[in-house]
Amino acid sequence: MTIHPTAIVDSGAELGADVEIGPWCTVGPGVTLADGVRLVSHVVIPRDTTVGAGTIIHPFAVIGGDPQHGGYKGERVTLTIGERNTIREHCTFNRGTPADRGDTLIGSDNLFMTGAHVGHDAVVGNNITFANNATLGGHSVVGDKVFLGGLCAVHQFGRVGQGAIVGGLAAVTRDVIPYGSAWGNHAQLRGLNLIGLKRKGYDKAAVRRLLAAYRDLFERKDQPFAQRLDAVANSYADLPEIVEIVDFIRRDTRRPLCLPEG
């Protein structure tokens, strides 16, 4: 067992064989680190958390923090983590709440990439990949061998069945069936950045002309988009901002353009 002299380890913590606790880590009361657990550096495990054998936790992760729940009043609740998990930088896992299981449960052989979050009372299976900043709301359940894409978010009480894949940036507000593929919520163009234009000093007359050009280009449906693009390029050639938009669209046609809904 190796404990760096700058680490703070509570006397009530239980440490297994070959545990490594690196610089500036904090291990609080009621924490159990099983055999071979490694805290690289700057890891905070506040209290009442069990970390299974062979798990590695990277810098600036907060594992076993208080549940982010307005009804939590400091009761003893727990986080239980299985074996051989890799938990990368800035991950946050919360303990459970008394109103539910009182325990957040994470299985074994999972990879949690940078910034992943597991909310209170969640149940996470085995062999799961959480890409960067994937987020689980409280009380959610994720089955084995799931892939959660970067920046996706599973709504509280949501379920993702085993073997499923969730695409990056997806907001999962409905349950995903086992072995399903769920993705979407791509950005749609909603208009011009009027606040930004005003902050840059555009007066009302200038904004009105820009809005007129926007409507002619994106909201009219009486002509194909390519014809509208040519017409706007001709009609508003005196507006540098519209010229820039037209040039942007024409410059790279390999990628689909973010367009308004419908």
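1. Phe93, Phe112 and Phe130 are linked into a cluster by ring pairs, where rings of Phe, Tyr and Trp (its six-membered ring) pair if their centres lie within 6.5 Å. This is a predicted model, in which local features need pLDDT of at least 70 and side-chain atom pairs count only at pLDDT 80 or more, while totals for chains, interfaces and linings use all residues. Side-chain values use heavy atoms, with hydrogens and water left out, and residues are numbered from 1 along each chain as its sequence is written.

2. Searching the whole structure gives 4 aromatic pairs. The ring centres of Tyr214 and Phe218 are 5.0 Å apart and their planes stand at 45°, so this pair is tilted, given that planes under 30 degrees apart count as stacked, over 60 as edge-to-face and the rest as tilted. Both residues belong to helix H2 (residues 204–219), 4 residues apart, or about one turn of the helix; helices (H or I, at least four residues) and strands (E, at least two) are DSSP runs, numbered from the N terminus. Tyr214 and Phe218 are both buried, that is, under 20% relative accessible area, with exposed over 50% and partly exposed in between (1.4 Å probe, protein chains only).

3. Leu257 is placed in the segment after helix H4 (240–251), and because its relative accessibility is 33%, Leu257 counts as partly exposed.

4. Strand S12 (residues 78–81) runs parallel to strand S15 (residues 103–106), joined by 4 bridges; two strands pair if DSSP finds at least two bridges between them. Within S15, Leu105 is the bridge partner of Thr80. S15 also pairs with strand S18 (residues 123–124) in the parallel sense over 2 bridges, and there the bridge partner of Leu105 is Val123 in S18.
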